[in-house]
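Work through the exercises below with the model open beside you. Try each task before reading its solution.

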Amino acid sequence: MQPPLTRGQLKCLLMGVITQKAACEGIRGIDIASALGVSRASIRKILAILTEKGYLVHQKQQVYLLSDTGKEMVDRIFPLYEKIFCYFHQIVHLSEFDAREGALALVITLNEDNLKDLCKHL
């Protein structure tokens, strides 16, 4: 059974995946901190907790990779995030930033079943 994540931890993990996909080099705390507008120290603490819970594997130079548990969770949640993001950005015409923030807010607030139901209607 996967350890539960807080909303902040889930947001950090998803933002890490978003920045990782853009950079293709692993999840870096500085990229997440910059994207979320928070301190690197707070992100480092969350990344350490995500590593402790088994979602990330710490590499050298403050780079993290998704563990198998992390990949499984992201494989389930990230497509839902992307669908909501695309809806907000392409259909509602929100800016990329606002669409990302709105999609992240829904993903970290709703449970997975509710997200799936929502995405069926988009």
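**Exercise 1: α2 against α3**

Helix α2 (residues 29-36) packs on helix α3 (residues 40-52) at an angle of about 125°, and their axes are 9 Å apart. This is a predicted model: local features need pLDDT of at least 70, side-chain atom pairs count only at pLDDT 80 or more, and totals for chains, interfaces and linings use all residues. Residues are numbered from 1 along each chain as its sequence is written, and side-chain values use heavy atoms, with hydrogens and water left out.

Task: classify the packing of α2 and α3, then list the residues in contact.

Solution. 
- Step 1. Helices (H or I, at least four residues) and strands (E, at least two) are DSSP runs, numbered from the N terminus.
- Step 2. Axes are lines fitted to C-alpha atoms, for helices over the stretch in contact, and angles run from 0 to 180 degrees between N-to-C directions.
- Step 3. Angles under 35 degrees count as roughly parallel, over 145 as roughly antiparallel, 65 to 115 as roughly perpendicular and the rest as oblique.
- Step 4. At about 125°, α2 is therefore oblique to α3.
- Step 5. The α2 and α3 crossing is right-handed. A crossing is left-handed if the near helix is turned anticlockwise from the far one by less than a right angle, and right-handed if clockwise.
- Step 6. Contact means heavy atoms within 4.5 Å. From α2 come Gly29, Ile30, Ile32, Ala33 and Leu36; from α3 come Arg40, Ile43 and Leu47.
- Step 7. Sorted by class, the contact of α2 with α3 has six nonpolar, one polar and one charged residues. Ala, Val, Leu, Ile, Met, Phe, Trp, Tyr, Cys and Pro count as nonpolar, Asp, Glu, Lys and Arg as charged, and the others, Gly among them, as polar.

**Exercise 2: two partners of α4**

Task: describe how α4 packs on α5 and on α6.

Solution. 
- Step 1. For α4 and α5, the angle is about 140° and the axes are 8 Å apart. That makes α4 oblique to α5.
- Step 2. The α4 and α5 crossing is right-handed.
- Step 3. On the α4 side, the contact uses Ile77, Tyr81, Ile84, Phe85, Phe88 and His89. The α5 residues include Glu96, Ala99, Leu104 and Val107. The contact of α4 with α5 divides into ten nonpolar, two polar and two charged residues.
- Step 4. For α4 and helix α6 (residues 112-120), the angle is about 40° and the axes are 10 Å apart. That makes α4 oblique to α6.
- Step 5. α4 passes α6 in a left-handed crossing.
- Step 6. Arg76, Ile77, Leu80, Lys83 and Ile84 of α4 meet Glu112, Leu115, Lys116, Leu118 and Cys119 of α6. The classes in the contact of α4 with α6 are six nonpolar, no polar and four charged.

**Exercise 3: backbone and burial**

Task: which residues have a positive phi, and is Gln9 buried or exposed?

Solution. 
- Step 1. Most residues other than glycine have a negative phi, and most peptide bonds are trans.
- Step 2. His93, not a glycine, has a positive phi of about 65°. His93 sits in the loop between α4 (68-91) and α5.
- Step 3. Gln61 also takes a positive phi, near 55°, in the hairpin of β2 and β3, with four residues between the strands.
- Step 4. Buried means under 20% relative accessible area, exposed over 50%, partly exposed in between (1.4 Å probe, protein chains only).
- Step 5. His93 has 63% relative accessibility, so His93 counts as exposed. Gln9 has 8%, so Gln9 is buried.
- Step 6. Gln9 lies in helix α1 (residues 7-23). Leaving aside neighbours within four places in sequence, Gln9 contacts Pro4, Ile46, Ile49, Leu50 and Lys53.

Technical notes: Two strands pair if DSSP finds at least two bridges between them.
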